[in-house]
Amino acid sequence: DKHLNFEGVKIMLLRKFFLMALGLFASTCLFGQVALKTNVPMDALLIPNVGVEVGIAPKWTIDVPLYFNPWSYKSTENGVGDKMLKLGMVAPELRYWLCDKFNGHFFGVHLMGGVFKTTGIDLPFSPLDDLGRYRYKGNFYGGGVSWGHQWILGKHWNLGLNLGLGYAYIDWEKYECEDCGDKLPDGKDHYFGPTKAAINLIYVF
């Protein structure tokens, strides 16, 4: 299998995330301010996620969100019509704030990479137009630019909006059905479009 094993990627993503988080936390010794966050719409879709954002200079921060969804969704008792959107992704972003860190408008540049398995789910903006009829698995990487805004809700709580556009290279395998069936020809796609969409609930230390 030329693609990364999905189960094995869990440890790899967690290690990378916590190493990056450790480095970002260390920078607070010099510049202060660190925030933890979660993307509320992803939480509503039962896709676990957590993010760390740290100030590295008076108007600069680094944001590192991690998404990891390991489970499937059963639609019937016998498993017929099961849906699956397994995902592991990390998407670090460098941000420049027009005012103060964690307050107001910012512009950013981001990278992203991850692995996926999906079947029975049509995703908006996907270059794979038959996701609802076949099973796919593969990996992707890319990057883009973004804009965002944070509103101060209280002493430690913020609400953040983050939207981005960019490019992703997708390398995939295709199968006839959810759990079985013949393997179909592999493929590659070049995606241009939205790469960031988040409404974050943020706790600022």
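Modeller: Strand S5 is mostly covered: 7 of its 8 residues are buried. Keep in mind that this is a predicted model.

Start with the strands that pair with S5. S5 covers residues 83-90. S3 and S5 run antiparallel, and 4 bridges join them. In this pairing, Phe-68 stands opposite Gly-88 in S5. S5 also pairs with strand S7, residues 104-119. That pairing is antiparallel too, with 7 bridges. Leu-85 stands opposite Thr-118 in S7. Met-89 stands opposite Gly-114 in S7.

Now move along S7. Strand S6, residues 93-97, pairs with S7 in the antiparallel sense over 5 bridges. Here Trp-97 stands opposite Phe-106 in S7. S6 and S7 form a hairpin with 6 residues between the strands. In that hairpin, Phe-102 takes a positive phi near 65°. Trp-97, Phe-102 and Phe-106 form one aromatic cluster. S8 covers residues 135-152 and runs antiparallel to S7, with 16 bridges between them.

Go back to S3, the strand that S5 pairs with over 4 bridges. Asp-63 is found in S3. Is Asp-63 buried or exposed? Its relative accessibility is 2%, so Asp-63 counts as buried, the cut-off being under 20%. Leave out residues up to four places away in sequence, and Asp-63 touches Lys-37, Val-52, Glu-53, Ala-91, Pro-92, Glu-93, Arg-95 and Lys-196.

Charge comes next. In general, side chains of opposite charge can pair when their charged atoms come close. The whole model has 7 salt bridges. In one of them, the side chains of Lys-37 and Asp-63 meet at 3.1 Å, N to O. Lys-37 lies in strand S1 (residues 34-39) and Asp-63 in S3 (residues 60-69), so the pair ties together parts that are 26 residues apart in sequence. Lys-37 counts as buried because its relative accessibility is 7%, and buried means under 20%. The contact between these two side chains is also a polar contact, again at 3.1 Å. Asp-63 makes a further polar contact of 3.4 Å, side chain to side chain, with Arg-95.

The side chains of Glu-53 and Arg-95 meet at 3.0 Å, N to O. This pair links distant parts of the chain: Glu-53 is in strand S2 (residues 49-57), Arg-95 is in S6, and they are 42 residues apart. Glu-53 is buried, with a relative accessible area of 0%. Arg-95 is buried as well, at 1%.

For a contrast, look at strands S9 and S10. The side chains of Asp-171 and Lys-188 meet in a salt bridge of 3.4 Å, N to O. Asp-171 is in S9 (residues 157-175), Lys-188 is in S10 (residues 183-204), and the two are 17 residues apart. Lys-188 is partly exposed, at 48%.

Finish with aromatic rings. A search of the whole structure finds 9 aromatic pairs. Trp-157 and Tyr-203 form an edge-to-face pair, 5.1 Å centre to centre, with 75° between the planes. Trp-157 lies in S9 and Tyr-203 in S10, so the pair ties together parts that are 46 residues apart in sequence. Trp-157 is partly exposed at 42% relative accessibility. Tyr-203 is partly exposed too, with a relative accessible area of 27%. Tyr-167 and Phe-192 form a tilted pair, 5.0 Å centre to centre, with 45° between the planes. Tyr-167 is in S9 and Phe-192 in S10, 25 residues apart. Tyr-167 is partly exposed, at 26%. Phe-192 counts as exposed because its relative accessibility is 65%, and exposed means over 50%.

Technical notes: Residues numbered from 1 in each chain as written. Predicted model: local features only at pLDDT ≥ 70, side-chain atom pairs only at ≥ 80, totals over all residues. Heavy atoms only, no water. Pairing = 2+ DSSP bridges. Salt bridge = Lys/Arg side-chain N within 4 Å of Asp/Glu carboxyl O. Buried < 20%, exposed > 50% of the residue type's maximum accessible area, 1.4 Å probe, protein only. Polar contact = N/O pair within 3.5 Å; in protein donor to acceptor, adjacent residues only side chain to side chain. Contact = heavy atoms within 4.5 Å. Phe/Tyr/Trp six-rings, centres within 6.5 Å; stacked < 30°, edge-to-face > 60°.
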